[in-house]
Amino acid sequence: MEKTRVSAFALYRTVLEKDQSSLKVAHKKKRPKENAQISKSSKKTKRKQTSTVVSDVEEKTAKPAPVAHPLVSRKGVEGPALDTLLVDLARIQSSRERANRLFDWLIHPVPAQSFFREMWEKKPALIRRHNPEYYKGLFSTTEIDRILREDDVQFGVNLDVTSYTNGQRETHNPPGRALPFAVWDFYKRGCSLRILNPQSFSSTVWNVLSILQERFGSMAGANVYLTPPGTQGFAPHYDDIEAFVIQLEGKKHWRVYNPRSEDEVLPVLSSPNFSQSEIGKPILEVVLEAGDLLYFPRGFIHQGDCLPDDHSLHITISSYQKNSWGDLLHKLVPAALEMAMEEDVEFRKGLPLDYLTYMGVQNSDKEDPRRAQFTEHLLGLMKKLTSYAPVDAAVDQKAKEFLHDCLPPVHTAEEKACSVQGAPSRWEGGQAWEVKAHIKAQTKIRLIRDGIARLCSEGDVVFLHHTVDNSRVYHKEEPKCFEINPEHTDGVEFLIRSSPKFVSVGSLPCDTIEDKLSLAELLFEKGLVQTSEALLFS
């Protein structure tokens with residue numbers, strides 16, 4: 001017997017129609033501790049003090065901390081120049097493969113498989129290269145000067161002026177535009193400069209981050225730090241991101257410390273500033289030189305200061321903020337509970353009339369059999385709740401957040417020539433020319449990036465969420481999406497699953513040739529697809 005075919009539109013509508021309102025629950029901040037609550041053990045478990053060094057020389061400015069044996073010993077690590085690498089990556093058809101290759105270059109000579117198995121979210125790693133040119137072209141102090149002169153850089157928005165002296169961390173941002181006269185005066189007086197969202201000013205940083213975000217499946221961000229000789233700009237602290245510190249110019253002395261307790265391992269939020277007495281001894285102390293990389297997971301306390309004889313310029317590339325199992329459960333559990341209450345009367349039955357007399361912290365030391373019965377029943381409901389969990393719908397909500405966080409793609413020359421970006425439409429001789437793209441059944445198309453779009457349902461409607469029109473500044477634009485007609489849903493899903501292969505418009509699983517052509521024209525107009533060859537226009 002032949003299996004009945006269900007359209008993608010029907011599938012999205014059926015699976016997701018009940019839970020969209022409950023999935024719009026905002027993240028709550030960590031609740032302050034109450035006077036009366038079930039206490040955790042006061043014993044704080046220390047994590048094993050290890051880090052990984054890929055180096056043949058480990059400089060120490062203080063007593064060496066325990067360090068794992070090196071994975072690799074190599075001097076003068078070579079690699080392709082960044083501009084050459086980006087040109088080569090543009091020739092790779094799969095944007096996911098581009099991301100893999102770029103990440104491999106970022107952490108070379110450590111194999112990516114080893115990195116994610118042994119270091120990712122676990123311990124710091126130092127990669128020494130003895131090659132100051134390795135990251136050349138990513139960013140420079142000359143570029144900071146150009147940006148200050150040519151772009152609208154605002155204190156507190158695009159640039160922070162900071163200092164850390166005698167245990168006191170201060171921000172010195174005046175109001176208004178950050179002009180070179182004021183900025184370089186702050187620097188001469190010993191203040192550090194932090195460039196926020198450098199990708200909004202640097203096309204190279206934009207390109208690198210827009211590629212890497214597909215490797216992480218999470219937003220890739222960056223800040224640039226310029227520190228004068230003999231100074232420190234920031235107090236010891238930990239962050240809520242995975243950090244890749246890339247030394248671009250000069251040198252910087254870094255100290256990295258274990259999380260102070262298990263409660264601070266892979267934290268949800270960044271820490272306040274710590275005093276030196278609160279953080280103990282470093283597990284890794286090193287002077288980074290140009291071409292070196294230092295990785296540390298979220299929760300590892302760190303501080304960096306400049307040596308007296310040289311300035312420091314580094315860029316920190318970050319990812320995995322709010323991308324934990326708990327963040328997914330933030331979306332899943334409220335949706336599951338709403339569905340359970342709609343469909344199961346056990347979740348709608350009233351609480352016992354007298355439960356306040358024997359439950360709660362003030363009654364926690366009572367020996368009352370009703371307490372055990374109450375708890376057992378509640379745990380049973382929680383176990384039953386898992387059967388209502390709309391896992392795919394919750395994942396789609398995380399995916400929508402990721403697409404909103406993403407940078408827009410940096411188009412290669414080929415992508416421009418074969419997409420709406422390269423359309424020759426113009427005003428000439430008193431009229432508009434070449435505004436019609438000639439797309440035919442034999443025209444071959446594909447998504448312009450593997451992970452650029454995702455189908456998600458909201459009630460009875462299916463939307464295509466995408467990154468094409470995002471801003472280079474984080475969340476400057478609202479999330480980008482548009483409604484997909486039921487007759488087009490199968491075709492969009494087919495394109496997403498086929499990426500990065502080109503497929504003919506005639507092969508799209510739509511009912512009529514008119515539907516196939518209208519879908520291809522819509523996606524071309526929106527900038528989501530490119531053709532295998534440049535189109536003719538009229």
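Trainee: Where is Pro109 found?

Mentor: Pro109 is in the loop between α3 (95–107) and α4 (112–118). Keep in mind that this is a predicted model.

Trainee: What kind of peptide bond joins His108 and Pro109?

Mentor: A cis one, with omega about 15°. There's also a cis peptide bond between Ser499 and Pro500, where omega is about 10°.

Trainee: And where does Pro500 lie?

Mentor: In a loop, between α12 (486–498) and β18 (503–504).

Trainee: Let me zoom out. How many helices and strands are there in the protein?

Mentor: You'll find 13 helices and 19 strands. Of the 538 residues, 48% are buried.

Trainee: What about contacts, what share join residues at least 24 apart?

Mentor: Take the contacts between residues at least 6 apart in sequence: 80% of them join residues at least 24 apart.

Trainee: Which residues make the nonpolar surface patch?

Mentor: One such patch, about 300 Å², is made by Leu378, Leu379 and Met382. Leu379 has its place in helix α9, which covers residues 369–385.

Trainee: OK, on to α6. Which of its residues are buried?

Mentor: Helix α6 spans residues 180–188, and Pro180, Val183, Phe186 and Tyr187 are buried there. Looking down the axis of α6, those buried residues fall within an arc of 135°, so they line one face of the helix.

Trainee: Why would residues three or four places apart point the same way?

Mentor: Because an α-helix has 3.6 residues a turn.

Trainee: What does the face of α6 turned away from the buried side carry?

Mentor: That face has the exposed residues Phe181 and Lys188.

Trainee: And what covers the buried residues of α6?

Mentor: The cover includes a helix, α5 (141–150), along with the strands β3 (159–165), β5 (192–196) and β6 (221–227).

Trainee: Which residue just after α6 takes a positive phi?

Mentor: That's Gly190, with phi about 95°.

Trainee: Which residues other than glycine have a positive phi?

Mentor: Leu266 is one of them, with phi about 50°. His475 also has a positive phi, near 60°.

Trainee: Where are Leu266 and His475 found?

Mentor: Leu266 sits in the loop between β7 and β8 (284–289). His475 is in the loop between β16 (461–466) and β17 (480–484).

Trainee: Switching to strands: how many residues of β10 are buried?

Mentor: Five of the five, so to speak, in a strand that covers residues 301–305 and is mostly covered.

Trainee: Which way do the residues of β10 point?

Mentor: Ile301, Gln303 and Asp305 point one way, while His302 and Gly304 point the other way. All of them are buried. In a regular strand, side chains alternate between the two faces of the sheet.

Trainee: In what sense do β7 and β10 pair?

Mentor: Antiparallel, over five bridges, with β7 taking in residues 242–257.

Trainee: Which residue stands opposite Gln303?

Mentor: Arg255 does. And Gln303 is one of the buried residues of β10.

Note on methods:
Residues numbered from 1 in each chain as written. Predicted model: local features only at pLDDT ≥ 70, side-chain atom pairs only at ≥ 80, totals over all residues. Heavy atoms only, no water. Patch = residues over 30% accessible without salt bridge, like charges linked within 9 Å, V, L, I, M, F, W, Y side chains within 5 Å. Areas by Shrake-Rupley, 256 points an atom, 1.4 Å probe, with all protein chains shown as cover. Salt bridge = Lys/Arg side-chain N within 4 Å of Asp/Glu carboxyl O. Helix = DSSP H or I, 4+ residues; strand = E, 2+ residues; numbered from the N terminus. Buried < 20%, exposed > 50% of the residue type's maximum accessible area, 1.4 Å probe, protein only. Arc of directions from axis to C-beta. Contact = heavy atoms within 4.5 Å. Pairing = 2+ DSSP bridges.
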